[in-house]
Amino acid sequence: MTLCISLSARPSNNGTRFHNHLYEQLGLNWIYKAFAPTDLAQAIAGVRGLGIRGCAVSMPYKEDVIALVDVMDPSAKAIDSVNTIVNDGGTLTAYNTDYTAIEQLLQRNAVPSSYSVLLRGAGGMAKATAAALRDAGFRDVTVIARNEETGRALAGLYGFAWRADVDPAVAADMIINVTPIGMAGGPDVDSLSFPREAVDAAKVVFDVVALPAETPLVKAARAAGKTVITGAEVATIQALEQFVLYTGIRPSDEQVRAAEDFMRAQ
């Protein structure tokens, strides 16, 4: 049997259900488990030493894990953020499939690159999102981050602006939350990551938080009749690309939909 795992401060069943359902559909003798590590370095040493084939990496480990791998694929190296590790005989190669997910969702929803954007957050997922925005041609982007050092650094890396907090008087066509605000199990599970004024002014509302699928921001955006992009959609795309990296198999669209339905039926 081949084992794949995920590492997160707040593990969810999303990836576990998605991957395991695909393993079953394809008749693979594989299993996927989720963990909340107490020591990241020891966890990654375990991946190497136990021959664990794949390891998904979630907040807040996407940058800290860089020092613990052997090879950085261009998808991770370009943005200094990792969400996937593949173990080939003890050699750990890091990838980032978050970027792919963001890129695809912007295209699927036909979001004009002329839109102004407020991007809240400055961690690993924010890097992937900022890179995808820049590469898609977005130029009017403001990074919202209370930590001035990390916020300015991220904004400067991609030629964007920075603000410490959202100004209710400043409207944007698209707002994107890449913080844990609204995440299940966290202290801000019931909080809105943007003021209602920002939601009302936006045309597109994007929340990368995957659990719950209907975060306070997503609910507010749906109620206001906005175009909504959810973290659950991000989770499906990035998990699919991880599955391909781990197994070398790309499931059919029908198999992916079945796995996605199973994941969301929890």
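Two strands count as paired if DSSP finds at least two bridges between them. I took helices (H or I, at least four residues) and strands (E, at least two) as DSSP runs, numbered from the N terminus.

**Basis.** I worked on a predicted model, in which local features need pLDDT of at least 70 and side-chain atom pairs count only at pLDDT 80 or more, while totals for chains, interfaces and linings use all residues. Residues are numbered from 1 along each chain as its sequence is written, and side-chain values use heavy atoms, with hydrogens and water left out.

**Entry 1: the S5-S6 hairpin.** I looked up the pairing of S5 with S6 and found that they run antiparallel, joined by 5 bridges. Valine 86 has threonine 93 of S6 as its bridge partner. The hairpin has 2 residues between the strands, and glycine 89 takes a positive phi near 60° there. I also checked the burial of S6: 4 of its 5 residues are buried (under 20% relative accessible area, with exposed over 50% and partly exposed in between; 1.4 Å probe, protein chains only).

**Entry 2: the whole sheet.** I traced an open sheet of 6 strands with mixed pairing, in the order S2-S1-S3-S5-S6-S4. Strand S2 (30-35) and strand S4 (71-72) are the edge strands, each pairing on one side only. S4 pairs with S6 in the parallel sense over 2 bridges, and methionine 72 has alanine 94 of S6 as its bridge partner. Strand S1 (residues 2-7) and strand S3 (residues 54-57) also run parallel, with 4 bridges between them. There, cysteine 4 is partnered by glycine 54 of S3.

**Entry 3: helices on the sheet.** I noted that H9 packs on the sheet, touching S1, S2, S3, strand S5 (84-88) and strand S6 (91-95), and that its direction makes about 10° with that of S5. Contact here means heavy atoms within 4.5 Å. Angles run from 0 to 180 degrees between N-to-C directions, and axes are lines fitted to C-alpha atoms, for helices over the stretch in contact. Helix H1 (residues 14-26) lies across S1 and S2, running at about 175° to S2.

**Entry 4: H4 against H9.** How do helix H4 (residues 98-108) and helix H9 (residues 231-247) pack? I found an angle of about 130°, with the axes 8 Å apart. That makes H4 oblique to H9, as angles under 35 degrees count as roughly parallel, over 145 as roughly antiparallel, 65 to 115 as roughly perpendicular and the rest as oblique. Among the contact residues are Ile102 and Leu105 of H4 and Val234 and Ile237 of H9.
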